[in-house]
Amino acid sequence: MTTPERAICIHGHFYQPPRENPWLETVEAQESAAPWHDWNDRITAECYAPNGAARIVNNKNRIIRILNNYARISFNFGPTLLSWLLENAPRVHTAIVHADRRSQARFSGHGSAMAQVYNHIIMPLASTRDRITQIRWGIADFRHRFGRLPEGMWLPETAVDSGSLDLLAKHGIRFVLLAPHQCAAIRPLASPRSAATLKASSHPKDKSEPAWTETPDATVDTTHPYLIRLKEGRSIAVFFYDGPRSRAIAFEGLLNNGETFAQRLMSGFHPDTGHAQLVHVATDGESYGHHHKYGEMALAWMLHFVQDEDHRPEQEDIHLTNYSEFLTNHPPQFEARIVEDTSWSCAHGVERWRSDCGCSSGHPGWNQKWRTPLREALDWLRDTVAPLVREASAPLFTDHDEARNGYISVILDRSRDSRDAFLAAHATHKLSTSERVRAFMLMELERHALLMYTSCGWFFDDISGIETIQIIAYASRVLQLAAELFGDRAAGLEDEFVRRLAAAKSNDPDQKDGAAIYNRYVLRMRVGLEQVAAHYAISSIFTSYPDEADLFCYSVRRQSYEAVSSGRVRLVMGQAQVSSRITEASETVAFAVFHFGDQNITAVVKPWNPKEIAAWQQFVADAKDAVSRADFPQVVRCFDREFGPQAYSIRSLFRDEQKRILDILLTSTISEVESSLSTIYENQASLLHFLTQSGLPQPPALTLAATFAINAGLRRALESDPIDAVQARIWLNLAQSDQVILDRPALGYLVDLRMKRAMLDLHESPEEVTLDNALLVARTISELPFDLNLWQAQNLWYDIYRNRREEPPSEEWLEKLKDLGRLMHISVEDIVSEETNGNNHEAAAIRPEIGLPPLS
């Protein structure tokens with residue numbers, strides 16, 4: 001008798017909300033994610049990248065195997081996150097796509113990747129029109145990246161209603177995942193079943209059907225799929241994941257041990273059921289590495305344990321699968337009814353995204369009454385602009401909704417060819433330049449009207465959170481576009497929207513309410529072409545731009561540029577054409593910048609009028625003359641006469657550029673402070689040593705000087721080229737003797753970059769000198785008294801070791817390479833043994849990004 005199949009499937013929902021500044025189309029620096037640039041950057045380093053090359057280690061904590069976890073699990077990535085990864089971490093994106101291809105080979109032609117509705121909106125709360133666009137954009141994005149149509153689709157927060165399932169089925173989606181408490185009742189399917197039988201038996205009074213069995217309190221059997229009947233004979237399969245085991249992964253520390261993880265999953269099968277069983281769990285993918293450090297390693301160990309028969313007793317005939325393969329091999333034998341308007345993260349259905357239901361992330365005494373007026377304000381904005389959009393769209397598009405649904409092709413490819421193809425497919429005629437701008441502005445208004453419903457805006461505790469500010473910023477972009485498109489007909493829209501936001505009260509008295517937050521945070525994010533020109537003008541003082549330059553999602557074509565200097569003072573004047581690569585809007589401007597030194601910068605911008613060339617030439621002459629005479633007040637008067645009172649300063653720069661320029665300006669100041677504190681420490685070092693050795697209290701001022709001087713000295717030693725191993729050892733000894741606390745996050749980040757750079761040099765030029773340099777770096781950093789993240793450097797080592805066969809090195813060189821691997825915590829002997837035995841690892845398909853940030 002054949003033993004019924006027993007399989008395990010792990011699903012990871014990998015997602016971050018869209019964080020891009022709506023006017024720049026880039027994620028700006030987020031200080032809370034430091035030392036990383038932003039939270040996407042940080043979570044990529046902690047989770048998304050490591051899961052593409054996860055480590056299995058021995059009992060000495062040495063790497064013996066590297067796995068691409070994605071190739072063995074079921075997963076979905078948010079489309080907006082994948083767009084960010086493609087731009088900022090392309091090799092991680094490649095590893096994810098390749099994993100889906102590998103999973104097709106592993107799981108009978110069924111890829112493990114699932115699609116997701118586009119920007120993580122709560123589907124039961126969305127309009128039907130928005131739901132259709134979200135599904136179509138999600139499918140199109142998936143097909144663009146993975147080269148196939150999706151079989152399953154992730155519903156954000158597993159928020160579900162029958163209407164959303166029906167729309168998914170209409171679009172060819174085979175299955176979804178839901179939480180067990182979202183199942184209301186089940187009953188066996190009559191067999192055999194034809195489409196006609198399904199349609200006829202959907203009537204609730206059909207007495208030929210078995211009786212329903214209710215499944216209260218998540219009591220549904222989660223080991224097999226169910227069929228959900230929908231309208232007009234349609235149906236969709238649903239897998240209800242194992243709730244207790246999923247919670248153990250996410251919240252109960254199950255990822256602390258890979259073997260415990262594996263045993264907990266393998267204990268989930270029912271004895272002697274006589275039918276195939278699937279034990280499957282679903283959690284946020286960020287559990288594996290971000291929420292739980294080294295969680296990706298526990299996952300890799302479990303996956304290797306389950307798939308490797310040598311690790312399991314003979315009676316444990318269990319294997320890995322994905323949902324598509326299991327569903328194909330074992331179609332539903334039961335049907336189910338869902339609990340309408342429910343989700344996996346709100347005990348009150350979907351109220352977390354529209355009311356003060358009590359679900360929060362844990363601030364005692366706070367309320368979430370702000371959720372209702374926030375959603376009502378967004379709904380009002382959406383419904384108010386919709387008829388204006390349709391009216392403006394009529395002369396431009398043959399079918400506005402079809403154009404909106406098709407606009408995903410432009411979002412995925414912003415090239416001129418892509419935009420032309422979109423208009424060729426949807427425009428009523430060949431559009432003029434101004435009509436093209438209006439057409440793309442309408443589509444961008446629609447895109448931001450969808451983005452403003454991203455679920456994270458309601459999930460957390462207060463309206464002042466960064467996720468909520470983000471969706472309000474998307475709404476502000478809608479308002480800006482509406483004002484530009486509709487003129488007087490949009491008058492008062494923003495005032496009314498802000499008035500409605502005022503009803504959303506913050507728990508923080510300093511933040512007051514949504515209106516105050518809008519004025520304080522969102523309005524200062526908003527830019528137009530003139531502000532882009534001001535940024536370009538100020539930045540040009542510190543950056544040598546070519547005649548044509550890209551600034552975020554804008555292009556700047558310089559038409560003239562003059563610079564005059566007098567000591568530390570610098571004057572810049574010129575004209576430039578500024579264009580949006582998103583909407584094709586364009587404007588030619590004149591600009592001037594006066595830099596007095598340090599942070600003292602004044603910039604002015606105005607639309608360029610060729611008829612005023614004589615006045616411009618006079619301005620240039622007068623301003624240059626004033627600079628030559630060091631009559632700086634006269635320069636400012638020239639600015640006022642030519643440009644008017646509106647001026648920009650360094651505060652007008654976009655955040656990342658502002659930080660870069662301030663770093664330049666602060667370099668000399670910081671050097672002076674470092675020198676002063678180092679001098680104090682050097683002069684008082686012997687006294688500090690005496691106090692430490694005597695067990696006497698250290699004066700705070702001396703402790704501060706010592707901490708700063710030792711960390712700065714160690715940083716300089718690690719940054720020097722070549723690395724200064726001797727000096728680094730001296731500073732480490734001083735830190736130990738004087739009981740100085742090292743800045744582990746900053747030094748760890750620096751060391752990670754330094755080791756990656758050394759390995760990149762070795763990878764690009766595998767010569768004796770680069771190998772010796774990498775060994776020197778590895779030996780030096782191995783003395784640091786804290787754990788290091790050498791993930792990308794280890795990947796490169798493996799890649800270099802594997803590629804050595806293409807051009808065999810000398811035995812001496814190979815032995816040095818092995819020593820380098822040992823220093824980076826790689827069990828070289830196990831790697832060699834596996835290779836000798838013909839067991840190929842899944843190599844580190846993710847190499848470090850070539851465009852590394854500077855060590856400083």
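Reader: Before anything else, how are helices and strands defined here?
Author: Helices (H or I, at least four residues) and strands (E, at least two) are DSSP runs, numbered from the N terminus. The model is predicted: local features need pLDDT of at least 70, side-chain atom pairs count only at pLDDT 80 or more, and totals for chains, interfaces and linings use all residues. Residues are numbered from 1 along each chain as its sequence is written, and side-chain values use heavy atoms, with hydrogens and water left out.

Reader: Where is Asp217 found?
Author: Asp217 sits in the loop between β9 (213-214) and β10 (226-229). Its phi is positive, about 55 degrees, although Asp217 is not a glycine.

Reader: Is Asp217 buried or exposed?
Author: Asp217 counts as exposed because its relative accessibility is 75%. Buried means under 20% relative accessible area, exposed over 50%, and partly exposed in between (1.4 Å probe, protein chains only).

Reader: And what is phi of Asp341?
Author: Phi of Asp341 is near 55 degrees, a positive value in a residue other than glycine. Asp341 lies in the loop between β14 (334-338) and α11 (371-393).

Reader: Changing topic, which residues does the cis peptide bond with omega near 10 degrees join?
Author: That cis bond runs from Ala34 to Pro35. Pro35 belongs to the loop between β1 (6-14) and α1 (39-48).

Reader: What joins Asp721 and Pro722?
Author: A cis peptide bond joins Asp721 and Pro722, with omega about 0 degrees. Pro722 is in the loop between α24 (700-719) and α25 (725-737).
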